Structure formats: C-alpha cells, structure tokens
Amino acid sequence: MKPSLPLIFLSCCVFSTSLYAQAIDLYVDTKTKQIYSEPGAGRVRMGSFERVPDTPPKPSTTVDTGQAPAAGKDTGVAQSPQGTTVTTSPVDKSKGTGPGPSKGGFGYADWKEKDPFKWNLNGDGSQYLKFGFLNQVQLRYEQNNPGSLIQSQPVDDSTDIGLRRTRLVLQGQITDRVYFYTQYGMNNFNFLSQMNGNRHIAAYFHDAFGELRLTEGHQMVLGGGLGMFNGLSRFSAPSVSTIMTMDVPVGLQYTAERTSLFNRQLGVYLRGQISKFRYIVAANDSFPITTDGITNDGAISPTVSNFAQVGHKKNFTGMFYWNFWDTEPNTNPYMQGTYLGKKSILNLEAGFATQKDAMWTGTSAADARFHDMTHWSVAGYLDAPVDKVRETAISAYIGYTSLNYGPNYLRMNGNGQNSANGVGPGGSLNGAGNTFPMFGTGNLWYAQLGYLLPIDWLGGNNGQLQPYASITSANWEALRDQMNVFNVGLNWLIKGHNSKVTFDWQNRPIFNTAGNTIANRNQFVLQYQVAF
C-alpha cells in the first residue's frame, strides 16, 4: 500500500520529545553520604533539582508565617558542577530559603499528598476511600482486512480517533476486614460505534464486588459480586492501566463479550496469600449467549462448536502463583502489568477455567451434542529493576495455554474498536476491519519483553522510555497455518502510568476460508493514557 499522510503523522508524533532538560539529577553515595551530580557505583538517585546561583539569596520581605513547606527527599540540596561532590548546610525551611524540587518538564507535579485521590478514614491510612479514573484516547491508522467496508463504501486503509477505555473507579477499605470495589465506564468507542442504531452508547458498571477478610492477614479473603474472578492467566484479570504493551492479549479473556460482560461475570470467590503462595478460586454465573447483542449468536452447526443457546452451568476457575522474590500487592483480584522497577517479581503461574456443557454441535436443539469448555495454562513472569541508580528495569512474560471450546471453534476479534462495519466482494475469513482469529480450540503461546530505559535520558521531570515487543502464536484446530500476531511499541512514561504515551505497531495474518495464510496487515496506534 502507498504511504499515507496519517501514517507519517503518527510515526512523527511518538518520537517528538523535549530536546532540553530544565533540571539536573542528584545522587547520594549510600556509604559516605556524599552527594554527586553523576550516577555511579553505590549511588542512589535523590531526584531532580533546579540550578541556583552561588551568591546567597536576598533577604525576603515577606512575613514569616511559621509554616514549613512540604518537604521530601528532594528538598534542601545544593548544586555543584557536574561530576563533583556536593556539600550541604542546614536550610531554614520555615522561611522558604534554599532550593526545592525542580519545576518544569512534562511530568512535574506538586501534589500536597503522595496520593491526593485517597481519603483516609483513620490515622494510619489503612482504612480509606479512593477515587480513580482511566482514559485511553487513540489515534489509529489501519490497513483494513480485504473487502472491508465503511458505511457501505470499500476501504483499503483508514484513520480514526477513538476511546479504548474510559472508566471511573471508587474503592475502599472501610474496616480492617471489609473492602469494596466499583468501576463504571465504557469501552471501544469511535465514529462507527452504535447500539441498536443509536450512537449514544450507555456506560455501565464493569465491577461491583465486596470482600470480607476471614483471617488477620490475607490468607483467606471471601468475595463476591460482578468482576473478573477468572482463572487461566494474569492477563485474564489484568489491571489495564498498568500494562506494558498497549493492549492485553485479549485471547486469554476466553469468554469476553460472549458469555461475560466485557470479561466479567457474577460470582463468588476465595483468594489469599500464604507465604509465597497466592491463589484465587471462583464459581461464576455465565451470561447466556443469547443476550450478547449479536443476532442468532451461538447458532448450532454439525461440525463447528459454538456456545450453547440452551442450558446453564456454572463456570469454575482458579489461578495460582508462586512468588520467588517479592510478593505482589493483594488489594483486590486484579494483577499488575509492570511495576516499573519498584518491585522485584519472579513468579511461576498456573490456572484453569472449565464449564460443563458450555458448547454444542448438531443440526438442531433436539439432537444437540454438548461439549465441556476446558482451558488451562502455565506461565512465568519477571518484573524487576536492573540498575537502581539509573532506574532501569526489565519486564518479561511467557505463557502456554491449552484452549478447548469443542471441535473447530474459531472466533474473529480485534484489539479495540473495529475500523470497519461491513464486508464486500473479496473478503477473507478474518471479516471486516482489524479482526483476526483471536479465539479458538487449540494451543496458544504468548510472550512479551520490555526494558525501562535510564531516567536521565530525557532530563529532569520528563519521564522514561520503555520499548517492548510481544508475540501471540496459536495453533488453532480450524486453521491449516499457524496464527502469529506481532506487536512492537514504545511507551513514554511521562509520570509513570499516570500520564503515558504509547506508540504501537501490530502485524496480523489474513486467512482464506480454507484456513491458509494469504497476506498480512498492519495497524499503527498512538495512544495517550491518563490514569490515577
């Protein structure tokens, strides 16, 4: 395909960053306590600071109120020429003399509290209410699948602006043993989005669950409600605001938007942490396939399995982790994407999900043959600092998943909002827009690798860069060729996960109706995330 101006624009945007630093980083030697302006062995970064003149400041004419400004580890440190030691003298903070934390830069914030969105209910903050927000806006260039139509007109490629996720969160630890979590919002909204012909898509509760801690610690926590109480993989219940790649491997959310509400179901669960062992087991009520909003979804076929339109059984799931190094936070069932070097995590993980008679084949409901849906997986996860002085870190995951939906099950899906809404002549097995064979009966490998680059590369308060790559490789029973999807991207973590720009390139295969790979298509996305 010919190069297009939108694609060139997308590529340029992600690599445009500040070419100058407004501050300088300081490091302290952990043994001698001397302060340096260059990293080195045994030195730990203190923060970013403004340069100040060597001459003493003029006396202030303002009235001394007696109130000291908020002080942190960055306060009261002088600056010297690069590469030399720095000595400091006591600073009278009550009168505001001496340099403070540097201002400027894309990531500078002057919050009064470490977490200003948390309202403590007791003195030590162990009981609290916390408000959260997530918004992911995307600018996308899409090489559409063959035969794609937008509003009945053929399109080879297209651009669009969309909202991948927009969420409001309210959670709280209201007693030592009682916790609740609610999340309200919408997903996958672009100019083609509609519900029964109406573009006013309704937001809804994604999560609403409560927990009762049965033990003094987190050994046993009983919970229930609406949420992602899923087994199989850490990506089956992810904290989407903290993921490293632009999107999660949605294929590991095995019932998404078929018998679940955007990967959520109503259920009860028991979870906990016993020493290095973490677990969650759950019993969930699947939603009927007949209420997913797709006309006659789950229609019976003699050779291809689908979700059964009759009957109802519970969905049982479990997920188990062994933490070799640090243990992960256990606030709720959701799993962190990357800790950006703040923790040292090495896990061995395994999970399962099963539902009796979830699928069917046949010619009619009268002669239907029912099949159990049974999935299991094993995986390894690494997320740890590499150089604590320069604040570099590595994040890696590799997992194998066996998926059994019954004979020849195959489902097309794309990451995020679809870029087209119809298929004309010359169409492929993939269907319209950006979809590919994401779900199926067979075996799936998923791996991702990322590296957090040194914090001093972009200067003070300008964040860090994190390149990453991932591969999804599936051997689906219904296809003749391997299904491989590649993603390569770059995060600009302006202020950690609170303010993050991501550029992502995806390459996906195109299949003909015989199950052979006939081509590949590309997708380029620039996403900006605001989250707290």
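This is a predicted model: local features need pLDDT of at least 70, side-chain atom pairs count only at pLDDT 80 or more; totals for chains, interfaces and linings use all residues.
The side chain of arginine 165 takes part in a polar contact of 2.9 Å with the side chain of glutamine 136, and a polar contact of 2.8 Å joins the side chain of arginine 165 to that of aspartate 247. When residues up to four places away in sequence are not counted, the residues touched by arginine 165 are Leu134, Asn135, Gln136, Met186, Asn187, Val240, Asp247 and Val248.

The model holds four cavities of 30 Å³ or more, and the largest cavity contains about 230 Å³ of space. This largest cavity is lined by 21 residues, of which Val248, Pro249, Asn415, Thr472 and Asn487 are the closest to its centre. At least two lining residues come from each of the strands β22 (436-440), β23 (442-452), β24 (464-476), β25 (483-497) and β26 (499-511).

Side chains of opposite charge can pair when their charged atoms come close. In this model, 15 salt bridges are counted. In one of them, lysine 130 pairs with aspartate 115, with the closest N and O atoms 2.7 Å apart; lysine 130 lies in strand β6 (residues 128-143), whereas aspartate 115 lies in the loop between β4 (85-86) and β5 (118-120), and the two are 15 residues apart. Lysine 130 is buried, with a relative accessible area of 18%, while aspartate 115, at 27% relative accessibility, is partly exposed.

A salt bridge of 3.2 Å, N to O, joins the side chains of aspartate 297 and arginine 258. Because aspartate 297 lies in the loop between β14 (277-285) and β15 (306-307) and arginine 258 in the loop between β12 (221-227) and β13 (265-274), this pair ties together parts that are 39 residues apart in sequence. Both aspartate 297 and arginine 258 are buried.

In a further salt bridge, the closest N and O atoms of lysine 313 and aspartate 357 are 3.8 Å apart. Lysine 313 lies in the loop between β15 and β16 (314-323) and aspartate 357 in strand β17 (residues 345-361), so the pair ties together parts that are 44 residues apart in sequence. Lysine 313 is partly exposed at 34% relative accessibility, and aspartate 357 is partly exposed at 24%. Finally, salt bridges link Arg140, Glu142, Asp160 and Arg508 in a network.

Conventions. Residues are numbered from 1 along each chain as its sequence is written. Side-chain values use heavy atoms; hydrogens and water are left out. A polar contact is a pair of N or O atoms within 3.5 Å; within protein, one must be able to donate a hydrogen and the other to accept it, and residues adjacent in sequence count only if both atoms are side-chain atoms. Contact means heavy atoms within 4.5 Å. On a 1 Å grid over the protein atoms alone, a cavity is a set of points where a 1.4 Å probe fits but cannot get out, and a pocket is an open set with protein on both sides within 12 Å along at least five of seven lines; lining residues have an atom within 4 Å of a point. Grid points are joined across faces, edges and corners, and a volume is the space filled by probe spheres set on the points. Helices (H or I, at least four residues) and strands (E, at least two) are DSSP runs, numbered from the N terminus. A salt bridge is a side-chain nitrogen of Lys or Arg within 4 Å of a carboxyl oxygen of Asp or Glu. Buried means under 20% relative accessible area, exposed over 50%, partly exposed in between (1.4 Å probe, protein chains only).
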